[in-house]
Amino acid sequence: MILIGRVVKGTKTIKQSTFKGDDEEAGFCNMLEKGLIELCRELEIPVPLWLNKNTIEFVHYRKTFFTSDQFVEPVNFDKFEFKLG
């Protein structure tokens, strides 16, 4: 599984990182969670709250984004994009 995380401010990408999960025994949801946490660590951002809208977007489009409202801590960017590569 390849996941791509991108931090965006305005129309500019500030940071981007890729997660390559190769644990075949872990389920899809576990790898997705592990990838999200790892990408946030690499990008040095807090882990966002995953809402129902994120699940719907991810199922339909294989990507979703998180706005600053979904972070418990204050952030200095507009959105965090998370997609299946």
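Is glutamate 25 buried or exposed? In this predicted model, glutamate 25 counts as exposed, because its relative accessibility is 80% and the cut-off for exposure is over 50%. The residue lies in the loop between E2 and H1. Its C-alpha atom is 21 Å from that of isoleucine 4, and the two residues are 21 positions apart in sequence.

The sheet comes next. Four strands make up an open sheet, with the order E2-E1-E4-E3 and antiparallel pairing. Its edges are formed by strand E2 (12-20) and strand E3 (63-67), each of which pairs on one side only. On average, neighbouring strands are turned by 15 degrees against each other, direction ignored. Helix H1, residues 28-43, packs on this sheet. H1 touches strand E1 (2-9) as well as E2, E3 and E4. The direction of H1 makes about 135 degrees with that of E2. Helix H2, residues 52-61, also packs on the sheet, with contacts to E1, E3 and E4. Between the directions of H2 and E3 the angle is about 150 degrees.

Strand pairing was then examined by residue. E1 and E4 run antiparallel and are joined by 6 bridges. Within this pairing, valine 7 stands opposite phenylalanine 80 of E4. E3 pairs with strand E4 (residues 79-84) in the antiparallel sense, over 5 bridges. Here threonine 64 has phenylalanine 82 of E4 as its bridge partner. Lysine 63 stands opposite another lysine, residue 83 in E4.

After H2 comes arginine 62, with a positive phi near 60 degrees.

Phenylalanine 58 is buried, because its relative accessible area is 8% and the cut-off for burial is under 20%. Tryptophan 50 has a relative accessible area of 31% and is therefore partly exposed. Tryptophan 50 also pairs with phenylalanine 82, with ring centres 6.1 Å apart. The planes of that pair are at 90 degrees, so this arrangement too is edge-to-face. The pair links distant parts of the chain. Tryptophan 50 sits in the loop between H1 and H2, phenylalanine 82 in strand E4, and 32 residues separate them. Phenylalanine 82 counts as buried, because its relative accessibility is 0%. One aromatic cluster takes in Trp50, Phe58, Phe66, Phe80 and Phe82.

Phenylalanine 80, a member of that cluster, is located in strand E4. With a relative accessible area of 0%, phenylalanine 80 is buried. Beyond the residues up to four places away in sequence, its contacts include Gly5, Arg6 and Val7. Leu36, Cys40, Leu43, Ile45 and Pro48 are also among the residues touched by phenylalanine 80. Further contacts of phenylalanine 80 include Thr64, Phe65, Phe66 and Phe71.

Phenylalanine 65 also figures in contacts with charged groups. The charged end of lysine 53 sits over the ring of phenylalanine 65, at 4.2 Å from its centre. The charged end of lysine 79 sits over the ring of phenylalanine 65 as well, at 5.3 Å from the ring centre.

Methods. Residues are numbered from 1 along each chain as its sequence is written. This is a predicted model: local features need pLDDT of at least 70, side-chain atom pairs count only at pLDDT 80 or more; totals for chains, interfaces and linings use all residues. Side-chain values use heavy atoms; hydrogens and water are left out. Two strands pair if DSSP finds at least two bridges between them. Helices (H or I, at least four residues) and strands (E, at least two) are DSSP runs, numbered from the N terminus. Axes are lines fitted to C-alpha atoms, for helices over the stretch in contact, and angles run from 0 to 180 degrees between N-to-C directions. Contact means heavy atoms within 4.5 Å. Buried means under 20% relative accessible area, exposed over 50%, partly exposed in between (1.4 Å probe, protein chains only). Rings of Phe, Tyr and Trp (its six-membered ring) pair if their centres lie within 6.5 Å; planes under 30 degrees apart count as stacked, over 60 as edge-to-face and the rest as tilted. A charge sits over a ring if NZ of Lys or CZ of Arg is within 6 Å of the ring centre and within 35 degrees of the ring normal.
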